[in-house]
Amino acid sequence: MAASVIRARLDLLVRLYDTTTGATVDERNVLFMRDGVPVRPESRGAGAFVFINMGREDFLMRIDVLGFDRYETSVRYEELDERLPVCHVFLMPSENTLRGRDTLSFSGTLPFLKKIEAVNLNKPVCLTGDMNVRTGDISVFHPSSGGTIELDDIPYGLLSADKASYEKIEVEKMITPQSIKLKHPLEGAFAPNLQITRIVYGSVRNDGEYLLRVRDEGENTSYLVRYEVEEEVRFQVVNFHDQEVLQ
């Protein structure tokens, strides 16, 4: 009798993060929907879920997690790594759950708005040192402690010297605890002491209604908001304690 062979293929890895802190979401009460149909990926802990042998057709993914707002995204495989397709999901804590004690919201409506996100101007993950011109490797250091730096494979913001804009970067690997290699060459100018910052993601509805939510950290609530109106990228400094709107 011939032995049967069962082949398993990883078709999607989903990683859940709290967008206000960058921490992984370990909540077990999670519901996934694929094109409106409930699906049950395997949990691998630390906010990671894997879809095995489900096929690689594009689909609309909806995720409901206890304590967070509902999340929807279109999974397009042409935008993912063919060898290891990973979808980073940044969840916004529910205001009802936190009762407004720990978060601040920035909301409004702007016609033709497509995307919105922000970086904290006062809380960098690390600072840049020097760049190796030949390899493109960048040395990094902690702004205060000088301790070990850990950067994940998620996008970060590289603030410009004047802090009026930032370039989105992705780390391919940590070469050493104080040196990184980027997935793609920088498009903007590089200089020492630039801030590498964590990105906080917001939501935008079809009518241009937007929402950003961040942790209330007292005085450190000045963020540089990056938003896309049609094909134009704009930046605006926002203090979340003030009643501001996008211009």
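In what order do the 4 strands of the open sheet with mixed pairing sit? They run β4-β5-β1-β8. Keep in mind that this is a predicted model.

**The mixed sheet**

- The sheet is open, and its pairing is mixed across the order β4-β5-β1-β8.
- β4 (42-45) and β8 (86-91) are the edge strands; each has a single partner strand, so one side of each has no neighbour in the sheet.
- Going from one strand to the next, the twist averages 25°.
- β1 (residues 10-18) and β8 run parallel, and 6 bridges join them.
- Look across from D18 and you'll find L91 in β8.

- β17 pairs with β18 (residues 209-215) in the antiparallel sense, over 2 bridges.
- S203 has L211 in β18 as its bridge partner.
- As background, strands of a sheet pair through backbone hydrogen bonds, either parallel or antiparallel.

**Salt bridges across the chain**

- As a reminder, side chains of opposite charge can pair when their charged atoms come close.
- R215 and D18 meet through their side chains in a salt bridge, at 2.9 Å from N to O.
- R215 belongs to strand β18 and D18 to strand β1, so this pair ties together parts that are 197 residues apart in sequence.
- D18 is buried: its relative accessible area is 7%, which is under the 20% cut-off.
- K123 and E217 form another salt bridge, with their closest N and O atoms 2.6 Å apart.
- That pair also links distant parts of the chain, 94 residues apart: K123 is in the loop between β10 (113-120) and β11 (126-131), while E217 is in the loop between β18 and β19 (222-229).
- E217 counts as partly exposed, at 29% relative accessibility.

- E209 and R205 form a salt bridge whose closest N and O atoms are 3.8 Å apart.
- E209 is partly exposed, with a relative accessible area of 34%, whereas R205 is exposed, with 54%.

Note on methods
Residues are numbered from 1 along each chain as its sequence is written. This is a predicted model: local features need pLDDT of at least 70, side-chain atom pairs count only at pLDDT 80 or more; totals for chains, interfaces and linings use all residues. Side-chain values use heavy atoms; hydrogens and water are left out. Two strands pair if DSSP finds at least two bridges between them. Axes are lines fitted to C-alpha atoms, for helices over the stretch in contact, and angles run from 0 to 180 degrees between N-to-C directions. A salt bridge is a side-chain nitrogen of Lys or Arg within 4 Å of a carboxyl oxygen of Asp or Glu. Buried means under 20% relative accessible area, exposed over 50%, partly exposed in between (1.4 Å probe, protein chains only).
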